Protein chains: 2
Amino acid sequence: MAKKYVYNFEEAYGLGKELLGGKGAGLAEMIHIGIPIPPGFTVSTEACTLYYESKKQIPDYVVKEIYDAVHRVEKQTGKNFGGKSNPLLVSVRSGARASMPGMMDTVLNLGLNDETVEILAKETNNPRFAYDSYRRFILMYTNIAKGHPRTEMDKMLEDLKEERGYKLDTEITADELKGLVDKFKAYYKKVFKEDFPKNPYEQLIESVTAVFRSWDNPRANVYRKMHNIPYEWGTAVNVQAMVFGNKNEESGTGVAFSRSPSTGEKTIFAEYLPNAQGEDVVAGTRTPLHIEELDARHPEVYKEFVETIERMEKHYHDMQDMEFTVEDGKLYFLQTRSGKRTAQAALKIASDLVDEGIIDIDEAVLRVDPNILDTLLHPSFDEKELAKLTPLSVGLPASPGAATGKLAFTAQEAKERFEAGEKVILIRVETSPEDIEGMVAAEGILTMRGGMTSHAAVVARGMGKTCVAGAGGIVIDEVNKTARVGNKVYTDQDVFSLNGTTGSVYAGEIKMQAAQMTGYFGRIMAWADERRRLEVHANAETERDVQTAKDFGAEGIGLARTEHMFFDKDRIFYMRKMILEDTVEGREEALASLLPYQRDDFYKIFKIMGKLNVTVRLLDPPLHEFLPQEEDQIVSLAKALNKTPADIKTRISDLHEFNPMMGHRGLRLAVSYPEIAKMQTTAIIEAAILAQKDLGEKITPEIMIPLTLDSKEFLYVKNIITSTADEIIKEANVKLDYLVGTMIEIPRATLLADEIAKDASFFSFGTNDLTQMTYGFSRDDAAKFLNDYYDKKIFAQDPFQTIDQKGVGELVKIAVERGREANPDLHLGVCGEHGGDPLSVEFFHNVGLDYVSCSPFRVPVARLAAAQAAIKEKLAKK
Amino acid sequence: MAKKYVYNFEEAYGLGKELLGGKGAGLAEMIHIGIPIPPGFTVSTEACTLYYESKKQIPDYVVKEIYDAVHRVEKQTGKNFGGKSNPLLVSVRSGARASMPGMMDTVLNLGLNDETVEILAKETNNPRFAYDSYRRFILMYTNIAKGHPRTEMDKMLEDLKEERGYKLDTEITADELKGLVDKFKAYYKKVFKEDFPKNPYEQLIESVTAVFRSWDNPRANVYRKMHNIPYEWGTAVNVQAMVFGNKNEESGTGVAFSRSPSTGEKTIFAEYLPNAQGEDVVAGTRTPLHIEELDARHPEVYKEFVETIERMEKHYHDMQDMEFTVEDGKLYFLQTRSGKRTAQAALKIASDLVDEGIIDIDEAVLRVDPNILDTLLHPSFDEKELAKLTPLSVGLPASPGAATGKLAFTAQEAKERFEAGEKVILIRVETSPEDIEGMVAAEGILTMRGGMTSHAAVVARGMGKTCVAGAGGIVIDEVNKTARVGNKVYTDQDVFSLNGTTGSVYAGEIKMQAAQMTGYFGRIMAWADERRRLEVHANAETERDVQTAKDFGAEGIGLARTEHMFFDKDRIFYMRKMILEDTVEGREEALASLLPYQRDDFYKIFKIMGKLNVTVRLLDPPLHEFLPQEEDQIVSLAKALNKTPADIKTRISDLHEFNPMMGHRGLRLAVSYPEIAKMQTTAIIEAAILAQKDLGEKITPEIMIPLTLDSKEFLYVKNIITSTADEIIKEANVKLDYLVGTMIEIPRATLLADEIAKDASFFSFGTNDLTQMTYGFSRDDAAKFLNDYYDKKIFAQDPFQTIDQKGVGELVKIAVERGREANPDLHLGVCGEHGGDPLSVEFFHNVGLDYVSCSPFRVPVARLAAAQAAIKEKLAKK
């Protein structure tokens with residue numbers, strides 16, 4: 001038997017997308033399960049290869065196969081390709097194995113010529129529609145199949161509208177469209193020195209050839225090279241009959257969901273518009289009818305409609321979102337896909353599908369996108385209210401939630417107005433650690449600069465506070481306390497509303513709805529918890545956040561940062577005093593004043609978490625972050641310390657760093673000033689002893705050293721900790737176990753993980769910093785150029801949001817292997833932002849970590865993602 | 001036969017330092033080749049292990065072995081341990097396999113007690129010497145062997161001096177010392193509740209035990225853990241007879257070099273001081289005699305002396321630096337080691353030793369420390385002048401050489417005064433790229449801040465210009481143009497002299513001597529070139545530097561940086577204009593003005609290097625480095641560009657980066673502004689076409705993309721380059737090959753080297769940045785805390801000076817393996833500062849790079865280091 005190159009959809013099922021391309025394989029599957037779709041066929045990828053092997057010609061025997069396939073479609077539709085009546089029109093689309101921009105996309109309405117257009121006009125009784133279709137076809141054919149710029153043709157249309165004084169395309173009459181068609185054809189002749197092809201078969205073969213040709217065009221080649229798509233794959237071509245819902249009153253079009261996308265309720269949710277095209281539904285120019293109208297007009301069609309939808313749900317095991325068309329009383333589905341849904345609906349549908357026996361629990365857990373859980377945990381704006389509004393500006397959705405308040409331009413102001421009972425939004429060009437108190441006081445935070453992992457974003461997510469970052473459309477003048485959008489200027493008396501889930505910023509107040517956690521949430525999460533292997537801890541240190549984390553199911557505190565603790569008004573003075581002292585004794589004295597505060601901080605955490613794991617990280621940021629920057633603060637600090645402002649400025653200038661991210665911070669501070677680590681160790685151990693006594697439960701604090709890059713360095717600081725801790729425990733005459741481990745966040749530490757692991761109880765990967773160092777860019781500065789990387793398709797995603805598996809991920813893998821090899825008891829986790837990102841959580845599961853730690857509001861997300869990772873692993877092993 | 005634990009030196013040869021420790025093995029070797037050393041014995045490391053296995057007791061049978069060994073020494077010396085006449089005194093020293101701080105060091109004069117001290121006093125006719133030795137012994141025994149603090153005893157000595165009004169220890173009389181000995185003994189008794197041990201055997205066993213005990217003390221344990229020295233190794237103990245050159249006129253002491261350490265001439269260079277101790281020679285209180293004096297006094301001893309020195313040279317195959325003592329007409333060598341020598345001497349000695357048949361050429365090449373070549377290439381201060389002076393301050397030896405000039409406090413001033421014919425030293429708190437012209441104009445550069453790899457240091461080394469960096473002792477006031485050292489204030493009329501080889505800064509002018517390259521230099525370098533596998537290229541871009549590099553033997557330019565080229569007065573304006581333009585067109589216009597300059601820059605390089613490889617790196621630093629910072633400059637720039645100063649300040653503020661090292665720079669600029677890469681490519685290709693025509697030689701320029709971290713990113717920028725270059729070549733209708741490659745300086749790029757290598761012709765490891773990212777610290781900021789790391793023995797060396805093999809080196813290895821696997825033709829090199837560091841060059845050789853590129857003045861260093869690496873590899877294979 002001769003080799004076959006063309007497959008009608010019904011004979012193609014199971015042949016795979018290597019042969020049919022992605023789109024062709026999908027159409028074959030729909031036919032296979034009995035979905036009524038417009039008939040058609042796929043010209044295979046092998047035909048494409050053959051085309052290139054045949055000096056860029058489609059061999060005659062393949063042309064013949066295409067013609068035969070067209071004839072079968074004629075039979076199936078009862079229409080005639082280029083025929084005198086009931087003309088068959090088709091679409092031609094490329095369809096490679098993987099979606100590929102740069103290739104020819106779509107030519108619609110192929111089969112039209114001066115004769116068939118007239119027949120179509122008569123049979124649909126709609127000459128305007130017929131000629132509109134025709135002029136679109138000529139343009140698409142010229143531009144897409146023949147590769148000629150559309151500029152001139154577009155101009156002809158614009159000229160016509162201007163001449164007639166029309167604003168919309170729809171105002172153009174059938175006759176005018178007919179005239180336009182003539183002009184288009186004349187232009188085509190001028191350009192190509194030949195008439196626009198009349199013969200539909202010629203049109204078709206030329207279009208298929210155009211698709212094949214486009215596989216080799218420069219844009220496609222660059223794309224392929226960048227995405228490692230082999231040139232040999234080739235592309236398939238799909239040819240499918242066009243159907244028209246606007247043919248007559250026996251026709252129509254609509255959209256349908258197999259269940260309610262907003263509540264998840266099990267009822268078909270659909271709309272139908274008789275004698276109309278898909279565009280009419282979308283454009284909203286006519287109001288669609290309730291789907292019962294279809295039942296009333298065509299009970300048989302309605303019955304088939306309902307049955308087909310049920311069949312699709314069962315086949316795809318999920319709620320479907322479909323487009324359908326009725327042509328002359330015959331039902332066609334044009335598209336089906338998993339339907340978008342609200343978080344509530346997603347949980348209910350997954351849960352119901354289990355009860356209905358359509359999917360098992362594993363599949364239900366896999367079905368819920370962990371990211372949507374976020375919206376359930378934060379209050380949100382009323383959707384209906386929101387739909388009516390236009391945002392002032394759209395920034396980055398840095399921390400989800402909804403917040404409304406008057407603008408406060410400084411942290412100090414935010415704090416004061418909050419204390420006076422006002423609701424405020426803290427609006428800053430960017431935030432710094434000095435703004436912490438203002439951030440705590442504000443309903444939400446809005447910044448003009450900074451990315452998803454800027455200071456504002458990270459801290460806000462940690463607090464579970466709404467934040468929109470990098471809203472560049474808003475020009476903030478911090479000195480004059482104004483925010484300008486275009487010509488409009490807003491002051492501290494204006495109200496803004498922030499949607500942290502979308503990044504939208506609105507002027508004025510918007511009605512809120514409270515967080516909704518239905519029983520389905522609990523049911524799905526319980527299933528998830530039974531399935532996951534990864535522990536989920538939280539990054540938290542304030543009483544409120546620690547409690548929230550525990551409420552959301554955190555099994556420990558994986559990262560309690562100690563730096564925020566020093567910004568409180570009473571404490572910052574001693575912190576500054578410590579930094580400004582010249583001697584060890586001076587620093588020790590200032591640290592002694594901080595000790596009771598720190599001990600109290602840790603006691604509160606231990607008290608909430610009890611026997612659950614609490615990991616405290618020693619001081620991390622460079623010391624200059626704690627010094628004041630404004631003149632009046634410097635002056636008053638100088639006075640309080642009996643120094644001159646010049647002394648303080650000298651110290652500030654001494655501490656200045658060119659690249660603070662790569663400066664004197666982390667355990668480097670402990671190496672230079674062991675007394676700081678001693679004080680913090682003392683606070684942790686004393687607090688643990690106290691809490692253990694008060695709770696009557698065994699508490700095992702974990703002390704984490706940040707920024708380690710060398711085993712000797714680690715050991716030096718570990719010795720400070722253990723000698724301090726052991727002495728306190730001995731003096732207190734109690735039994736207390738504690739562990740000392742380290743962050744792994746410097747590339748060198750991953751490579752030397754074996755050496756470091758010998759003396760460490762645990763590793764916690766700080767993937768924020770590890771990503772910065774591995775990429776060599778700082779998250780704050782990268783925001784400025786990352787958009788160019790996305791625009792130019794160099795990066796597909798933000799490496800600070802989802803872990804880069806190839807680079808950063810490999811370093812994590814190396815460290816896990818070497819660390820475990822050297823110390824099989826090593827407890828391994830991650831405490832970077834990635835710990836709350838589902839894709840990253842899956843990677844961490846696969847790489848064999850023991851736990852992830854994330855901000856409190858991401859805990860449920862991580863629990864679900866961890867379960868999905870475990871299920872996927874189980875399924876892959878089957 | 002019973003196991004042996006104690007070895008007299010003469011029976012220990014060849015038993016290895018595992019058993020004898022390093023010191024013991026060395027003494028055995030000296031005895032073996034017939035060097036007369038004071039006799040003695042080694043208590044082995046196995047005895048140490050046995051001690052710990054025997055509940056910290058030295059078993060009786062080992063004690064007996066020690067006694068037996070002492071008796072043998074008595075026989076050899078004819079002295080008596082604790083005897084009534086001619087008393088034998090010994091030293092006790094620890095000697096582990098590897099040198100270990102934290103352990104017991106040395107006890108001298110052991111064997112003294114109230115009786116033997118008197119005998120010694122009589123026999124030497126020097127009671128002062130006898131009692132001085134005794135009081136020292138009691139102190140060392142108490143402090144070192146018994147581990148009791150020396151504070152009280154030191155105080156007794158101080159009290160005595162104060163009481164008598166003495167300034168120096170030497171003023172104390174014999175009787176007073178005797179009194180002190182009594183006080184010491186009384187103190188000892190008070191502390192230990194027992195008499196100071198009289199029995200020399202008891203003193204000895206107690207001291208040996210103390211050495212063993214010190215193996216397990218906390219400091220030693222920490223050190224061992226940090227340096228991975230196994231606890232099981234144990235330490236040995238060396239017991240050696242003391243000899244005294246101050247015994248009488250038949251005794252004496254001296255130092256000797258087997259050849260001249262300053263010229264390398266083959267004559268013994270020695271001094272002798274009769275009736276004296278080593279200390280007397282060092283202290284310079286008495287003038288030593290020429291060595292002929294020894295011949296005159298003791299012709300037999302002198303003959304033995306000369307013969308022994310010759311024997312040692314032949315044995316150690318090198319010029320020796322020795323200490324010797326004559327006691328009662330008998331010669332002893334106390335120490336021998338390879339002698340320190342000047343660069344000139346090193347070359348002559350290595351060369352002569354080959355001619356004398358003592359070493360082969362390989363060994364001669366290995367024998368010259370590459371680092372000393374530096375001093376041959378730069379003019380230097382007259383050594384005699386220098387010896388008389390005290391430096392004002394000592395900073396880091398950032399770039400070798402000597403420079404003298406008046407102080408210039410700004411780059412502008414330096415340039416103007418240079419042009420007016422003055423010699424100036426540019427003195428700055430720290431330098432920035434804006435200072436380039438001033439650096440070029442200055443004789444030398446002096447900065448208050450910054451490390452060995454600060455901007456000033458790197459640029460100065462690149463220029464071969466003397467630089468002392470981080471001279472913190474000098475307080476520079478840039479506004480008032482003064483430099484203060486202590487209370488002394490220097491102005492722009494004062495002259496400073498900088499020694500870039502030592503980091504010393506002097507007030508006033510110092511006489512200079514020109515660079516001296518004798519014929520030995522050429523001979524050794526020719527040997528080296530025949531032996532090395534690595535090519536040596538240079539980092540250079542100015543005409544002068546490129547020429548220097550070629551003169552010093554560079555086989556290509558491995559890194560021509562283009563950023564310095566934009567700081568010239570005529571160019572910086574267009575550069576700033578380009579940065580301040582908002583549109584692509586505006587930028588292109590400004591770039592068009594820069595093109596002729598750039599083309600000319602590259603033409604000059606190609607002209608000098610001809611067919612030798614030239615690698616040009618595209619623009620690397622962030623754009624803000626090019627913008628002015630001072631108000632008046634901003635104002636005049638605004639005027640010239642028809643903008644307001646506020647516009648310019650806004651742009652400066654927009655371009656501000658938190659961490660410029662990790663910001664918008666390198667190829668990230670090319671991604672955002674392809675037009676910059678286009679202009680630079682145009683300049684390179686046009687210059688190459690021109691130079692190829694003018695020289696009639698094939699030129700193959702290499703274009704290097706900086707900061708790559710991803711294959712798509714690389715490909716995007718490579719496409720800009722190739723499309724630009726190919727068009728120019730096509731239009732010019734010439735044949736020109738060019739290569740496109742990349743720096744590998746971001747950790748991620750090393751991991752993804754396989755993907756990147758597919759499209760790259762070469763990799764050049766930028767180990768400066770790679771070290772920064774791998775360690776997570778910036779070289780500028782790290783200077784502040786690295787001293788703490790050295791002090792605390794966490795780091796042994798500066799990772800910016802010598803490559804860190806475990807971390808950074810592993811990434812290089814990974815990239816080499818993956819890169820070559822994916823692209824076997826890949827040309828691999830390094831262009832970081834490490835390319836000129838001998839230890840690093842050896843690593844690069846071993847890891848399989850094809851070339852190293854370093855600053856011009858390091859080229860000879862790298863050539864020699866590369867040869868040494870090749871020779872070592874060859875020897876290791878034997």
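**Figure 1. An open sheet of eight strands in chain B.** In this predicted model, eight strands of chain B form an open sheet with mixed pairing. The strands follow the order β14-β24-β23-β16-β17-β18-β19-β15. The edges are taken by β14 (393-394) and β15 (396-399) of chain B, each of which has a single partner strand, so one side of each is left without a neighbour in the sheet.

**Figure 2. The pairing of β23 and β24 in chain B.** Strands of a sheet pair through backbone hydrogen bonds, in either a parallel or an antiparallel way. Here β23 (residues 495-499) and β24 (residues 504-507) of chain B pair in the antiparallel sense, over four bridges. Within this pairing, Leu498(B) is found opposite Val505(B), a residue of β24(B).

**Figure 3. A salt bridge within chain A.** Over all chains, the whole structure holds 126 salt bridges. One joins the side chains of Arg297(A) and Glu249(A), with 3.5 Å from N to O. This pair links distant parts of the chain, as its two residues are 48 residues apart. Arg297(A) belongs to helix α11 (residues 292-297) of chain A, whereas Glu249(A) lies in the loop between β5 (235-241) and β6 (252-257) of that chain.

**Figure 4. The contact between chain A and chain B.** Each chain brings residues to the contact: 60 residues come from chain A and 60 residues from chain B. About 5,500 Å² is buried between the two chains, and carbon and sulfur atoms give 55% of this area. Phe658(A), Met662(A) and Lys712(A) supply 13% of the area that chain A buries against chain B, more than any other three residues.

**Figure 5. Polar contacts and salt bridges between the chains.** Six salt bridges are counted between chain A and chain B. In one of these, the side chains of Glu810(A) and Arg818(B) meet at 2.7 Å, N to O. Between the two chains there are also 36 residue pairs in polar contact. Several helices give two or more residues to the side of chain A that touches chain B, among them α9 (218-226), α25 (645-655), α28 (711-732) and α33 (808-822) of chain A. The most comes from α32(A), with six residues. By class, this side of chain A has 25 nonpolar, 13 polar and 22 charged residues.

**Figure 6. The axis that relates chain A to chain B.** Two copies of a chain are related by a rotation about an axis together with a shift along it. For chain A and chain B, a rotation of 180 degrees with a shift of 0.1 Å along its axis superposes one on the other, with an RMSD of 0.2 Å. This is therefore the relation of a two-fold axis. Asn659(A) comes closest to the rotation axis of the residues of chain A, with its C-alpha at 2.2 Å. The same surface serves both copies, and 100% of the contact residues of chain A recur in chain B.

Definitions and conventions: Residues numbered from 1 in each chain as written. Chains lettered and ligands numbered in written order. Predicted model: local features only at pLDDT ≥ 70, side-chain atom pairs only at ≥ 80, totals over all residues. Heavy atoms only, no water. Contact = heavy atoms within 4.5 Å. Buried area = accessible area lost by both parts, 1.4 Å probe. Salt bridge = Lys/Arg side-chain N within 4 Å of Asp/Glu carboxyl O. Polar contact = N/O pair within 3.5 Å; in protein donor to acceptor, adjacent residues only side chain to side chain. Nonpolar A, V, L, I, M, F, W, Y, C, P; charged D, E, K, R; others polar. Least-squares fit on C-alpha atoms with pLDDT ≥ 70 in both. Pairing = 2+ DSSP bridges.
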